[in-house]
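This briefing covers a ligand shell, a surface patch and a set of salt bridges. Please look over the sequence and structure before reading on.

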Amino acid sequence: MARMKFLCDSERCIECNGCVTACKNANETEWGIQRRRVVTLDDGEVGKEVSISVACMHCTDAPCMAVCPTDCFYPTEDGLILHNKDACIGCGYCLYACPFGAPQFPQQGAFGARGKMDKCTFCAGGPESDPVLEEQKYGANRLREGKLPLCAEMCSTKALLAGDAQQVADIFRERVVYRGHRNSAWGSADHEADQSEQLAKNAADLAYDATQSV
Amino acid sequence: MEKSRSRTSVGFWLVMLLVGCMFSLPVVAQSQGADARREALQSMPGTTPDFWRDAAGGVSGRTTSQSVGADTLIMTEGERWKEIRNEWISPGGLLALGGSLTGITFFYLLVGRVKLEHPRTGKRIERWTRWDRVIHWYVATLFIILALTGLSILYAKWFLMPILPTSLWSAWMIAAKNIHNYLGPLFSLGVLVMIVKWIKHNFFNLVDLKWFIKGGGIVGKGHPSAGYLNGGEKVWFWMIVFVGLTVAVSGLVLDFPNFGQTRETMQLFLIIHAVSSLVLMAAAFGHIYIGTLGTEGAFEGMKTGYVDESWAKQHHDLWYEEVTQKQNKS
Ligand code: SF4
Ligand code: SF4
Ligand code: SF4
C-alpha cells in the first residue's frame with residue numbers, strides 16, 4: 001500500500017504562499033482556517049532566510065490521535081490521519097499534542113468556544129458517504145479522483161511534493177544528486193562545498209530512510 | 001467506648017492510601033508516540049543544520065497564518081504533554097480513585113459504620129442553617145456533574161465508546177464538554193461563596209491538635225473532643241480552599257481560550273486541572289462516605305439542618321456544651 005507523505009524542499013520554497021491559497025481554494029475552508037502555512041525563519045537575512053510549507057504531517061503513531069478524548073481520528077490505508085467531525089468536541093487537545101500546529105479551530109460559540117477541528121486531509125475528504133456533504137465538511141476528496149493534493153500540484157517551484165513516500169523521496173534524491181556538486185545552490189552560503197555535498201548526501205539518505213520506516 | 005471512632009479516621013486512612021498510590025505510579029512511563037523530529041526531517045530533508053537547530057528548538061519565524069503558535073514550525077512540548085497526560089495522569093487518576101474506593105470499602109468492612117453510642121434523645125439541635133445547606137448542595141451537585149463530565153473527557157473513550165453507537169457517543173461527548181464548560185464558572189462561584197461563608201469556623205486550634213494526635217478517635221481510648229467542626233472537617237475545608245481553587249482557576253484559563261493563551265500555557269493548565277481535580281475527587285469519596293454511610297446520624301444534619309442531641313454530644317462535645325449553655329442562659 002502506498003504511504004502518503006509531504007516533502008518540502010527548502011531550497012526551492014520561495015514563500016509565495018501559493019500552496020496556502022491553493023489549499024484554501026480546493027477545500028473552501030471556513031473563515032480563519034488555514035490548513036497549510038508557510039513559515040519563514042530568519043526572514044530578511046541574506047543567505048540565511050529559509051521557508052518551509054507545513055500542514056498536517058500525517059504522523060506515524062500520531063500524537064493527536066493519542067490524546068483525543070472522543071477518539072475521532074482514524075488512520076487510512078494510505079497512512080493518512082483523518083478525523084470525524086461528528087464526534088469532535090472542539091476541546092483543542094489535538095492542537096496541544098501536535099508538534100506542527102496543524103489542527104485549526106473556527107471560533108463558533110460564545111466565550112471563545114472552539115468549533116470543530118479542521119486540518120489538512122491530504123485532500124482525501126473525510127468519513128461521509130454523501131460526496132456533497134463530504135465536500136462541505138472536509139473539503140475536496142481529490143485522492144478518490146486519482147489526483148494529488150492541490151497544494152503540491154500548484155506549487156510553482158515544485159518545492160512542495162506530495163504523494164507516495166517512496167516516489168517523493170526518489171525525486172528529492174535525484175535533485176540532491178544534481179545539486180550535490182561543487183558550487184551547489186545548497187543551503188546557506190557559509191558552508192564549504194564538500195560540506196554541502198555531505199549534507200546533501202545525508203539529506204538524501206534521510207529521505208530514503210523515511211520511505212523504509214513504514 | 002471501644003467502637004467510638006470518628007468520621008475522619010476514615011479520612012486519615014484515605015490520605016495514607018492516596019500517598020501510597022502516588023508512589024506506586026508506573027515508574028516506567030514510556031513514550032510510544034511519533035517522533036516529531038523524525039517526522040519533520042522526513043518532510044523537510046533539505047534543510048541545513050543551522051536551520052534544523054532553530055526549527056527543532058522551536059524558534060519562531062514569520063507566517064501569514066493567524067493561529068496561535070503558527071509561527072513555530074515544531075513544538076516539541078506537545079509530545080511531552082501527550083506523555084504526561086496519557087502515561088501518568090490517566091493511570092494515576094485511576095489509581096487514586098480506585099485506591100480511594102478500595103480504602104473506603106476495606107474500612108467499611110473492617111470497622112463498619114460508626115454508630116450512635118447512646119440512643120437518640122429526640123432533641124434536635126440546629127447545625128446547618130438553610131443558607132449553609134443551599135450552598136453545600138449547590139456546590140455538591142455541580143461537583144458531581146463536573147466530575148462525571150470531566151471523567152468522561154479523560155476516560156470515556158476506553159469504556160463508553162466501545163458500547164455506544166457512534167451518534168450517541170458523539171452526542172454524549174459534545175454534551176459533556178458543553179456542560180463541563182458552562183457549569184465550571186458557576187461551580188467556581190459557589191466554591192468562593194462557601195469559602196467566605198465557612199472560613200470563620202475553620203481555623204485550627206489546640207483541640208484539633210489533640211484530635212489529630214488521637215487520629216480522630218482511632219488511636220487510644222475515648223473520643224477526642226471537638227468543637228463545631230473537628231480537625232478532619234477542617235482539613236477537608238482547606239483542601240477545598242487550596243485544591244478546589246486550583247481546580248477552579250485552572251479551569252477558567254482553559255474555559256476561555258480566547259485571550260491568546262499559547263499552546264504551552266494550555267498544556268500546563270490542563271495538567272494542573274486534571275491532577276488537582278482527580279485529587280479532589282479521590283478525597284471527595286472519603287467525604288461522601290463519612291457523611292452518609294460511614295457515620296450514623298451525620299447525613300440528616302446536611303439534609304434537614306438538625307442533628308440529634310446524642311450525635312452532637314458524641315462527635316462535637318465542645319460545640320454541644322456551647323449550644324446548651326447558650327440555650328440555658330436565654
Ligand atoms: S495533526 Fe499534527 S500530530 Fe496529528 S497527524 Fe497531523 S501533524 Fe501529526
Ligand atoms: S478538538 Fe476534536 S479532534 Fe481535536 S482532540 Fe478534541 S475532540 Fe479530538
Ligand atoms: S493536501 Fe489538500 S488539505 Fe492538505 S494542505 Fe494540501 S491542499 Fe490543503
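By class, which residues make up the shell around ligand 1? The shell has 12 nonpolar residues, 1 polar residue and 1 charged residue. The model is a predicted one, and the points below are grouped by topic.

**Ligand 1**

- Ligand 1 is surrounded by 14 residues.
- The closest of these are Cys56(A), Met57(A), Cys59(A), Cys64(A) and Cys98(A).

**Nonpolar surface patch**

- A nonpolar patch on the surface is formed by Tyr138(B), Leu186(B), Leu189(B) and Leu192(B).
- Together these residues have about 350 Å² of accessible area.
- Helix H6 of chain B, residues 166-198, provides the largest share of the patch, with 3 residues.
- Leu189(B) is in helix H6 of chain B.

**Salt bridge between chains**

- Side chains of opposite charge can pair when their charged atoms come close.
- Over all chains, the count of salt bridges comes to 16.
- One of them pairs the side chains of Arg62(B) and Asp43(A), at 2.4 Å from N to O.
- This pair joins two chains, because Arg62(B) lies in the loop between helix H3 (49-56) and helix H4 (77-110) of chain B, while Asp43(A) lies in the loop between strand E2 (37-41) and strand E3 (50-54) of chain A.
- Arg62(B) is partly exposed, with a relative accessible area of 45%, and Asp43(A) is partly exposed at 33%.
- Asp43(A) and Arg62(B) are also linked with Glu15(A) in a network of salt bridges.

**Salt bridges within chain B**

- Glu233(B) and Arg127(B) meet through their side chains in a salt bridge of 3.4 Å, N to O.
- Glu233(B) lies in helix H8 (residues 231-255) of chain B and Arg127(B) in the loop between strand E1 (124-126) and helix H5 (130-159) of chain B, so the pair ties together parts that are 106 residues apart in sequence.
- Both Glu233(B) and Arg127(B) are buried.
- Another salt bridge is formed by Asp132(B) and Lys197(B), whose closest N and O atoms are 2.8 Å apart.
- Asp132(B) belongs to helix H5 of chain B and Lys197(B) to helix H6 of chain B, so this pair ties together parts that are 65 residues apart in sequence.
- Asp132(B) is buried, with a relative accessible area of 6%, whereas Lys197(B) is partly exposed, with a relative accessible area of 29%.

Terms used
Residues numbered from 1 in each chain as written. Chains lettered and ligands numbered in written order. Predicted model: local features only at pLDDT ≥ 70, side-chain atom pairs only at ≥ 80, totals over all residues. Heavy atoms only, no water. Near = heavy atom within 4 Å. Nonpolar A, V, L, I, M, F, W, Y, C, P; charged D, E, K, R; others polar. Patch = residues over 30% accessible without salt bridge, like charges linked within 9 Å, V, L, I, M, F, W, Y side chains within 5 Å. Areas by Shrake-Rupley, 256 points an atom, 1.4 Å probe, with all protein chains shown as cover. Salt bridge = Lys/Arg side-chain N within 4 Å of Asp/Glu carboxyl O. Helix = DSSP H or I, 4+ residues; strand = E, 2+ residues; numbered from the N terminus. Buried < 20%, exposed > 50% of the residue type's maximum accessible area, 1.4 Å probe, protein only.
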